Amino acid sequence: MKTAIITGITGQDGSYLAEFLLNKGYFVVGLKRRTSSICTDRIDSFYDHANFKLRYYNLNDSGCFYRLLLEYKPQEIYNLAAQSHVKVSFETPEETVNAVAMGPLRQLEAIRAVDPTIRFYQASSSEMFGVNPDAPYNEESRLMPASPYACAKVFAHNLVNNYRESYGLHASSGILFNHESPRRGETFVTRKITMAAAKIQLGFQDKLYLGNLDAKRDWGFAGDYVEAMWLMLQQETPEDYVISTGETYSVKAFLESVFETARLDIEKHVEIDPSLFRPQEVPYLLGDSSKAKKKLGWKPKIKFKELAAMMYSYDIKRIRELAFEPKGE
Ligand code: NAP
Ligand code: F7E
């Protein structure tokens, strides 16, 4: 039985990837940082699985990572942990860079020392293309990061390449474009919109405050994207891959799609809040994942409209259940 370690297990991607690997018969060690509230909602469905183990780990803790490698002897490591919110990275740049850039450096050093045959996946991001005007972007496109988060991801991305070349590690970066789901963090724009639409529809909220509606993103479904992570580590040769849908839509288009489904009036319920704009914006992202299609045989299954509808229908059901479920004594 193969063993995989996943950092960031409590996040959106960590939970989908763990389900995917458990279904493939892996033993999965999920790593979670200590938080004062339990926050394991996303992993409740497999928490008690016989092949799943939850352990503590923080990206700044090198010794802990060494011990975990020695204890579990994994064949694969997926580094998904990060302070992943772009706007927050302008507010907490030092914390973000320490986690996002230095975390993978510490992990690669541990792999090199403990067992250089371990296969490593790094969660790189389309944010690395930043303000590069020449979309669509592929693996060769110029990286022009536009936030502390993206600058740190560029560092980690280059480092993976450097460790692959220098030490022969099987280390790959997936350059994933935005991917969403009903498990998306509630402060990212898609989920913020679907949750607000559900609450407005049910009478629990009146206004939705948003920032830049003109930004365009290549939005896919997280459940589809974790398969690509796994496929990268099954290849003979480690390489980097762009993972995207090849379609781009504005935040406004996502808002319109959800509000149309919810039969809500944007004029009546949505207001622009200038404090939600970023010091520097990434205006346009569009990926070209031809390499992943050709070499991994990967392609996205769920596209924009279906994704928006899936997220809204999950939120309306969940909020209805939370609001109207019978209360105990
Ligand atoms: P997410 O939902 O924000 O999850 C991030 C995970 O990292 C959470 O489990 C979080 O723990 C953990 N974490 C944060 N800081 C940590 C630290 N210092 N030590 C240990 N764990 C820490 O992110 P996601 O959407 O699943 O994304 C997964 C990865 O892909 C991230 O690296 C992200 O930057 C990258 N990425 C995401 C997208 C996307 O569109 N989703 C696109 C490209 C790349 P808590 O639960 O305690 O906060
Ligand atoms: O913003 C605009 C905002 O925060 C998308 C992360 O997973 O994907 C994600 O980063 C767009 C931006 O995601 C609001 O200005 C408008 O243009 O949902 P987001 P992101 O910044 O694209 C990449 C690939 C990652 O790697 C990241 O980890 O929406 N926007 N109004 C807003 N954004 C937010 N959050 N909130 C608003 O009210």
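I started with Arg217, which forms a salt bridge with Glu127, the closest N and O atoms being 3.6 Å apart. I counted a salt bridge when a side-chain nitrogen of Lys or Arg lies within 4 Å of a carboxyl oxygen of Asp or Glu. This pair links distant parts of the chain, 90 residues apart: Arg217 sits in strand 9 (residues 216-217) and Glu127 in the loop between strand 5 (119-125) and helix 5 (148-167). Helices (H or I, at least four residues) and strands (E, at least two) are DSSP runs, numbered from the N terminus.

A note on what I am reading: this is a predicted model, where local features need pLDDT of at least 70 and side-chain atom pairs count only at pLDDT 80 or more, while totals for chains, interfaces and linings use all residues. Residues are numbered from 1 along each chain as its sequence is written, and side-chain values use heavy atoms, leaving out hydrogens and water.

Next I checked burial (buried is under 20% relative accessible area, exposed over 50%, partly exposed in between; 1.4 Å probe, protein chains only). Arg217 is buried at 7%, and Glu127 is buried at 6%.

I then found Arg217 in a salt bridge with Glu281 as well (3.5 Å, N to O). Glu281 lies in the loop between strand 13 (270-272) and helix 10 (290-296), 64 residues from Arg217. Glu281 is partly exposed, at 24%.

I also looked up Lys317, which forms a salt bridge with Glu321 at 3.2 Å between the closest N and O atoms. Both are in helix 11 (residues 304-324), 4 residues and so about one helical turn apart.

My count came to 17 salt bridges.

Definitions and conventions:
Chains lettered and ligands numbered in written order.
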